[in-house]
Amino acid sequence: MKNISRVLFILLLTFIMDSCKNAEEPKREHDHQAVQEQNAPQKKSLSPHTVTMANVGDAHIHIDYSSPGVRNRIIFGGLLAFGEVWQAGAHRATWIETSEDLIVDGQTLPAGKYGLFTIPTQQAWTVIFNSRWNQHGKDEYDEREDVLRLQFEPVITESVTENLTYTINDLGENKGSLVLAWEKVKLEIPFKVE
């Protein structure tokens, strides 16, 4: 009788422990909302992060920028006012890095990394290489940190370049050009590798 009581007691205790364990565990149900969120396509950025790189002579040149679209807007003289500093892209300031010194419009841009800014106008654009490359937009821009300020005439094109695009062209004999194209504007900045 003692053995039967002991067995019944152990069975009862096991049953109680299993019941408590199951009560503590949360019910796992399939969450359709979570599955939909995981499978939902990522929203495409209106100004995607973009990089362009090229070798010109011994120089490796790298440009990092966000590429906004025109999207049926007037950009220069509209969205971007003439005569004001622009971070030459969207979001964070555009930056450029060169592994070698460059001669740009007769002036030396030492090897290094720079914030790239412009001041667009209808006649000529000021192109600025600023020593502070890691900036949010133009909010932290300080003219006292400019390394070079140069002026170039923009070319107005027949066709529209929908998204801001930078290209680096190797023209041979250690010569190259950096080209900014957006909306109906094309700005070419020739340089030579030192």
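I take contact to mean heavy atoms within 4.5 Å. This is a predicted model, where local features need pLDDT of at least 70, side-chain atom pairs count only at pLDDT 80 or more, and totals for chains, interfaces and linings use all residues. Residues are numbered from 1 along each chain as its sequence is written, and side-chain values use heavy atoms, with hydrogens and water left out.

Entry: Tyr166. I listed its contacts, leaving aside neighbours within four places in sequence. Tyr166 touches Thr52, Ile63, Tyr65, Ala88, Thr94, Leu116, Leu178, Val179 and Leu180.

Entry: cores. I count as a nonpolar core a set of buried Ala, Val, Leu, Ile, Met, Phe, Trp, Tyr and Cys residues joined through side-chain atoms within 4.5 Å. Buried is under 20% relative accessible area (1.4 Å probe, protein chains only). The largest core has 35 residues, and Phe129 and Tyr166 touch the most other members. Strands are DSSP runs (E, at least two residues), numbered from the N terminus. Those supplying at least two residues each include β1 (49–56), β7 (125–130), β9 (155–172) and β10 (175–193). β10 gives the most, with 8 residues. A second, separate core of 5 residues includes Ala93, Phe117, Ile119 and Ile128.

Entry: sheet. I call two strands paired if DSSP finds at least two bridges between them. The order β5-β4-β10-β9 makes an open, antiparallel sheet of 4 strands. β5 (107–109) and β9 are the edges; each has a single partner strand, so one side of each lacks a neighbour in the sheet.

Entry: β4 and β10. I found 3 bridges between these antiparallel strands. Ile103 has Lys192 of β10 as its bridge partner.

Key
Buried means under 20% relative accessible area, exposed over 50%, partly exposed in between (1.4 Å probe, protein chains only).
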